[in-house]
Amino acid sequence: MERLAVQKTYKLFINGQFTRSESGRYIPLDTNQGTVNLCRASRKDFRNAVQIARPALATWSGYSALLRGQILYRISEMMEARRNDLMDRLTELPDLKESDPTKELNAAIDHVLWYAGWTDKYAALCGTVNPVTGPYFTFSYPEPMGIVGIVAPQNSPLCGLVNVLMLAMLSGNVSVVLADQRFGAVAITLSEIIATSDVPPGVVNMLTGDRSELLPHFYSHMDVNAIIHPDRYEELSQEEIMNLFKAEGHNLKRCPQLAQKSELEWQSEPYGPIDFSKLTETKTVWHPAAMP
Amino acid sequence: MKWEGWSLSVDRTAIEARAVELSKRSIKKASKVEALTHILQMIDLTTLEGADTQGVIKALCHKAMHPHQRGYPSVAAVCVYPNLIADAKAYLNGSTVHVASVATGFPSGQVPMSAKIQDTEAALRAGADEIDMVISRGEFLKGNLEFVSDEIKAIKKICGDVHLKVILETGEIGSLEMIRQASFLAMTAGADFIKTSTGKISSAANFLSVMVMIEAIRDYHLATGKKIGFKPAGGIKRAKQAIQYLVMVNEILGSEWLTPELLRFGASSLMNDVLMQLEKEQSGQYQSAPYYSLAY
């Protein structure tokens with residue numbers, strides 16, 4: 001008798017756990033291998049993720065920079081170990097146009113390694129000893145912004161997602177990610193890798209769902225400190241953009257402008273220190289140099 | 001099993017099922033705003049820490065009177081230690097907010113009877129509008145029910161018209177039957193309110209003990225016609241939990257209990273969550289804790 005394979009539902013990744021949407025909704029996703037089901041997150045799933053992310057911030061930003069680097073390195077190890085799984089997800093995609101899956105995967109793993117190396121180095125570039133005219137020092141150094149809402153790129157299934165996610169993680173931010181709907185299975189597979197890489201629960205929360213439904217909540221939630229949305233102008237009408245701007249203004253969310261990238265550009269160039277500083281707040285402290 | 005004519009039987013399975021059912025009620029939109037506004041007015045905003053100072057009490061009282069810039073109603077009372085009553089009275093002068101004080105050797109109650117009486121008298125002299133007393137759980141667990149009844153009667157006698165809330169500390173009492181027994185013990189001895197917990201032990205208000213206590217209040221009301229108030233306390237941090245308790249009280253005791261005279265929530269961090277939920281309903285935006293002043 002022919003064996004019936006177990007079909008997987010790609011769950012949301014919230015608080016280190018794989019859960020269905022509280023709404024019970026799902027999205028069928030067509031792939032070259034047939035249809036798979038993704039969960040369709042609701043605004044309450046998003047709210048729950050933010051609620052979970054807040055205490056995780058203290059844990060993750062409290063880790064030493066070295067430890068964060070080791071954990072990011074572990075993510076690259078696990079991606080390498082689950083290479084076949086990621087390759088399957090990438091090759092299933094019906095509309096990956098320009099690049100081939102192998103290059104996409106290799107670049108993604110290499111980029112994680114790049115960010116892992118930067119965790120304990122970027123502060124030396126983004127921080128300064130400020131020139132002063134008196135017997136005291138002032139130092140400026142970068143601190144994480146807090147909870148970062150990430151709207152994953154729509155033109156790069158893995159490499160784009162990895163880049164925006166690691167950009168937030170390396171400096172100690174926690175994130176709630178809205179994966180691109182078409183690439184949801186790739187994003188949840190990446191979450192399975194993150195879940196086994198010693199990343200504390202709540203540091204990365206991955207949602208799959210409808211953009212037009214969830215974007216207003218990403219932008220308006222008062223407890224989200226920053227938004228990364230690299231291709232935000234492409235998909236939206238002028239009115240939608242204005243509404244998002246108004247919503248984000250309520251708590252002065254940081255919405256750093258990141259260079260828009262093509263599918264191939266995501267693979268060729270990871271973010272560098274200038275971009276790292278866009279997701280950090282600078283704290284400046286004063287210290288006397290000597291007793292007068 | 002009966003005590004002084006009161007049935008002490010508790011059908012645990014039925015209570016569990018009903019508690020689960022009632023806790024799943026979905027209260028949304030206008031009803032949610034209504035419920036949250038009720039809850040806000042029923043809060044005993046509490047600080048019971050060794051580190052409490054006049055500054056803490058001043059901030060607490062200000063928050064109790066002026067919860068939010070949008071002008072939501074003030075809470076029912078602040079609840080403090082006896083030493084800080086006079087300060088709280090001064091800060092709350094002219095407002096409708098009461099000052100409740102814990103007494104009788106809070107939280108353990110392990111002091112001599114004379115000290116409990118002195119403690120209560122001092123609180124009343126300082127101007128307390130309400131007294132939250134603890135029962136002697138040790139005596140209760142030994143079976144010395146008369147001792148517990150007598151101490152409640154003695155404290156009620158001193159209190160006179162001042163509202164007396166009797167804290168059972170359900171987490172230390174043990175079984176649901178004993179919680180029911182302690183509820184009747186307190187009500188027959190003169191309690192105006194029965195209260196679940198001190199908030200000082202990890203096992204605080206939970207669905208089952210709350211259900212047992214409000215059913216005891218219902219049965220006492222049916223038998224005597226007297227309305228005894230209820231105060232869940234300890235570990236109520238979320239507006240959602242408070243709404244669940246509100247639903248239980250409404251379903252079991254009826255809407256006449258949905259007033260600060262008969263229902264209170266002993267809490268500190270609950271208040272900010274209620275305000276955040278109210279603000280979410282007004283603005284449509286999920287709120288962020290740092291935008292709300294500290295609730296002590």
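What average pLDDT does chain B have, and what percentage of its residues score at least 70? The average is 95, and 99% of the residues reach at least 70. Here pLDDT is the predictor's confidence in each residue, from 0 to 100.

**Before you click.** This is a predicted model: local features need pLDDT of at least 70, side-chain atom pairs count only at pLDDT 80 or more, and totals for chains, interfaces and linings use all residues. Residues are numbered from 1 along each chain as its sequence is written, while chains are lettered from A and ligands numbered from 1 in the order in which they are written.

**Stop 1: confidence.** Colour chain B by pLDDT. Confidence in chain B is lowest in strand S1 (residues 2-3), with a mean of 88. It is highest in strand S9 (residues 229-231), at 98. Strands (E, at least two residues) and helices (H or I, at least four) are DSSP runs, numbered from the N terminus. For the complex, the predictor gives an ipTM of 0.82 and a pTM of 0.89.

**Stop 2: the sheet of chain B.** Select the strands in the order S9-S8-S7-S6-S5-S4-S3-S10. These 8 strands form an open sheet with parallel pairing. Two strands pair if DSSP finds at least two bridges between them. S9 and S10 (265-267) stand at the edges with a single partner strand each, so one side of each has no neighbour in the sheet. Now zoom in on S8 (residues 193-195) of chain B: 3 bridges join it to S9(B). Look for B:Phe193, which stands opposite B:Gly229 in S9(B).

**Stop 3: two helices.** Select H5 (residues 113-125) and H7 (residues 145-159) of chain B. Their axes come within 10 Å and cross at roughly 25°. Axes are lines fitted to C-alpha atoms, for helices over the stretch in contact, and angles run from 0 to 180 degrees between N-to-C directions. That angle makes H5(B) roughly parallel to H7(B), a term for angles under 35 degrees. Residues making the contact include B:Ile117 and B:Leu124 of H5(B), and B:Ala154 and B:Ile158 of H7(B). Contact means that C-beta atoms, placed from the backbone, lie within 7 Å.

**Stop 4: two backbone details.** Most residues other than glycine have a negative phi, and most peptide bonds are trans. Go to B:Phe106 and B:Pro107: the peptide bond between them is cis, with omega near 0°. B:Pro107 sits in the loop between strand S5 (98-103) and H5 of chain B. Then find A:Asp198, not a glycine, with a positive phi of about 65°. A:Asp198 lies in the loop between helix H7 (184-195) and strand S10 (204-208) of chain A.

**Last stop: where the chains meet.** Show both chains. Here 5 residues of chain B are in contact with 8 residues of chain A.

Note on methods: Two residues are in contact if their C-beta atoms, placed from the backbone, lie within 7 Å. Angles under 35 degrees count as roughly parallel, over 145 as roughly antiparallel, 65 to 115 as roughly perpendicular and the rest as oblique.
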